Amino acid sequence: MLGDMTVRNEAGAPEASADAPARAALDLAGRRAVVRDFLTSRRSRLSPADVGLPTRGGERRVPGLRREEVAALAGVSPDYYTRLERGRLEGASDSVLMSLSTALRLSDLEREYLFDLARGPLGGPAPRHAVREVPPAVQHVVDRMDSPAIVVNTSQQLLHANAVGRALYAPVLQHGGESFATFAFLTEQAADFFEDLERACAMIAATMRLDLARSPGDVDLRSLVEELLGASERFRTAWARNDVHEHRTGTKTYRHPVVGRLELDYAVFLLPGTPGLGMTVFSAEPGSAAAERLVELGRRARDEMRTTPPGRETTGDAR
């Protein structure tokens, strides 16, 4: 599997509009549409029994709680909750947002996402580009690791990797333009590389959604989301789930074209002083088949380094 998703996809929940509203999510004017889709999707996944409410007779026309039920749980009037669900979070106090988070049974990460949406800059986010330079000291640390290690930015670009990291992600570098997102959503090779492509896509889209709420001025991430919305039905479906995910620890399983199946644990380390960069380090269970295959991958990577002229690596860094 590909790590523990912070938010589980709910069966039977109605999908939010996948294209136009999702495109609107990328600018300040579309924030209300993002809030509306998010709150509606979280309300639709709950039943009265989930929140301790009696189940009254009669079948509901749509799944989930009614607006007046959420309003009662949050301690606000139905009219005020309707206003919030329509995306009008301006002026909502922290206590109201906390009550709403509790009523909707939001996870810690979902609550953070809601606060990010509510507290976005009123004058519009200051434009900035995703970080593309990896500090030399970080490069040196990565290069000296025996395990696969990579550095990725908010645009899902692989900026730096050690030799075995480049060997691990050779399919991405060869077919995805050094971007995990474009590889996962736009290439046929992704289905061969990821053992569970649907889960991988869900996790990537949910991570991008959270990063965009945290940094709404990230023009490179916004551009990437726009590109994928226009080019990939797979991405539109994953984006419309309104899930958020923070990539930290878990397990990923790949079908590597050279050494075979690799089930790897991973941990992501944020880099102080360089917002937007994360260093991911992989390991395999000692004594496992994956550990043996990882050793073989490292041996092959070192052999390639010795036989390939400088600057001619087949899987080099993205710049």
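**Exercise 1.** Which residue lies over the face of Trp239, and at what distance from the ring centre?

*Solution.* The structure is a predicted model. Step 1: look at the face of the Trp239 ring; the residue lying over it is Arg209. Step 2: read the distance from the ring centre, which is 4.2 Å. Step 3: look for another case of this kind; Lys252 lies over the face of Tyr266, with 4.8 Å to the ring centre.

**Exercise 2.** Is Tyr169 buried or exposed, and which residues does Tyr169 touch beyond four places away in sequence?

*Solution.* Step 1: the relative accessibility of Tyr169 is 1%. Step 2: buried means under 20%, so Tyr169 counts as buried. Step 3: leaving out residues up to four places away in sequence, Tyr169 touches Ile150, Leu158, Phe180, Phe193, Lys252, Tyr254 and Phe282.

**Exercise 3.** Classify the aromatic pair of Tyr169 and Tyr254, and find which parts of the chain the pair ties together.

*Solution.* Step 1: a search of the whole structure finds 13 aromatic pairs. Step 2: for Tyr169 and Tyr254, the distance is 5.5 Å centre to centre and the angle between the planes is 75 degrees. Step 3: an angle over 60 degrees counts as edge-to-face, and the pair is edge-to-face. Step 4: Tyr169 lies in the loop between helix H8 (163-168) and helix H9 (170-175), while Tyr254 lies in strand E3 (residues 249-256), so the pair ties together parts 85 residues apart in sequence. Step 5: Tyr254 is buried, with a relative accessible area of 1%.

**Exercise 4.** Classify the pair of Tyr266 and Phe282 and locate both residues.

*Solution.* Step 1: the ring centres of Tyr266 and Phe282 are 6.5 Å apart and the planes are at 50 degrees, so the pair is tilted. Step 2: Tyr266 is in strand E4 (residues 260-270) and Phe282 in strand E5 (residues 277-283), 16 residues apart. Step 3: Tyr266 is buried at 4% relative accessible area, and Phe282 is buried at 1% relative accessibility. Step 4: Tyr266 and Phe282 belong to one aromatic cluster, whose members include Tyr169 and Tyr254.

Note on methods
Residues are numbered from 1 along each chain as its sequence is written. This is a predicted model: local features need pLDDT of at least 70, side-chain atom pairs count only at pLDDT 80 or more; totals for chains, interfaces and linings use all residues. Side-chain values use heavy atoms; hydrogens and water are left out. Contact means heavy atoms within 4.5 Å. Rings of Phe, Tyr and Trp (its six-membered ring) pair if their centres lie within 6.5 Å; planes under 30 degrees apart count as stacked, over 60 as edge-to-face and the rest as tilted. Helices (H or I, at least four residues) and strands (E, at least two) are DSSP runs, numbered from the N terminus. Buried means under 20% relative accessible area, exposed over 50%, partly exposed in between (1.4 Å probe, protein chains only). A charge sits over a ring if NZ of Lys or CZ of Arg is within 6 Å of the ring centre and within 35 degrees of the ring normal.
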